[in-house]
Amino acid sequence: GIPMAHLSVYPVHFAGTTIGILYEDEEVHSFLTFLFADVHTQADSPEPLLSFHQSGQDYVLTLDEEPQYTGGLGVQCAAVLFDLVIFNLLRANNTGVAVHAGAVAYHEHDTVILLPGPSGSGKSHMSAWLTAQGCAYLTDELVFFPQNQPDQLLAFARPCCIKSQAVAVIKQLLPLDPPHPLLEDEQGIIVPHRTLNPGYTGISSAPNL
C-alpha cells in the first residue's frame with residue numbers, strides 16, 4: 001500500500017457541497033488543478049469520494065473503491081471525472097435548481113445568456129465561441145439557482161470541453177501562442193476559458209431576461 005503521508009485530498013466545492021478526490025502524485029494534482037482551478041476550495045478536506053492511483057502505466061479512477069476509468073490523464077478521463085464530480089455534488093443537494101446549460105455574460109457583465117441543452121447539442125462550442133467574441137465565460141455545462149437567493153446563479157466554471165467534431169472550429173479562435181496549456185487527444189480538446197478571453201470575473205448575478 002501507499003504510505004498515507006503520500007496521499008492528498010483535492011477538494012471541489014460547488015453550490016454549498018464539497019467532495020474530495022484522493023491522489024498520490026504531482027501529475028494528478030496538475031491534472032486536477034487544470035480541470036477544477038475555478039471550483040477548487042481551500043476549506044477543510046472532506047472525506048474522499050473519488051480517488052486516483054497508478055496501475056502500471058495507467059491511472060485508475062475509482063468511486064467508493066469501484067473502478068470507473070483506467071487509462072491516461074486525457075480528455076476521456078476528464079469527461080468521466082467531470083460527470084462523477086457533478087453528479088455527486090448535486091445528488092444530495094436540495095437547496096436550489098440545477099440547469100444543464102452553458103452560460104456567458106455580456107453588456108458590462110450585467111446580462112447572462114443561458115445555453116441549455118442535452119449533451120452533444122453544442123453548449124460548449126457556443127460558450128467557447130461567445131467567450132472568444134468578448135463575453136465573460138461562466139460555464140459550458142452547469143448553472144445552479146439557489147432557492148433562497150433568486151437573484152443569484154452559481155456557475156460550474158470548468159474549462160471548455162470541446163468534442164472532436166468541433167475542435168477545428170475552436171482552434172481557429174485561439175491565439176497562435178496560447179498563454180495556457182491545452183489538453184488534447186483523439187476524443188477532443190479542453191481549453192482553459194482564459195485562453196479565449198482573459199477577463200474572467202466569476203459573475204454570480206442571475207440572468208437579466
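Is Asp-38 buried, partly exposed or exposed, and what is its relative accessible area? In this predicted model, Asp-38 is partly exposed, with a relative accessible area of 26%; buried means under 20%, exposed over 50% and partly exposed in between, using a 1.4 Å probe and protein chains only. The model is a prediction in which local features need pLDDT of at least 70 and side-chain atom pairs count only at pLDDT 80 or more, while totals for chains, interfaces and linings use all residues. Residues are numbered from 1 along each chain as its sequence is written, and side-chain values use heavy atoms, with hydrogens and water left out.

Four salt bridges were found in a search of the whole structure, a salt bridge being a side-chain nitrogen of Lys or Arg within 4 Å of a carboxyl oxygen of Asp or Glu. One of them pairs Asp-38 with Arg-194, with 3.0 Å between the closest N and O atoms. Arg-194 lies in helix H5 (residues 193–196) and Asp-38 in the loop between helix H1 (26–36) and strand E3 (48–55), so the pair ties together parts 156 residues apart in sequence. Helices (H or I, at least four residues) and strands (E, at least two) are DSSP runs, numbered from the N terminus. Arg-194 is partly exposed, at 30% relative accessibility.

A salt bridge also joins Arg-158 to Asp-140, at 2.6 Å from N to O. Both Arg-158 and Asp-140 are buried. Arg-158 forms a salt bridge with Glu-141 as well, the closest N and O atoms being 3.3 Å apart. Glu-141 lies in the loop between E8 and E9 and Arg-158 in the loop between E10 and E11, so this pair ties together parts 17 residues apart in sequence. Glu-141 is buried at 13% relative accessibility, and Arg-158 has a relative accessible area of 7%. Through shared partners, salt bridges join Asp-140, Glu-141 and Arg-158 into one network.
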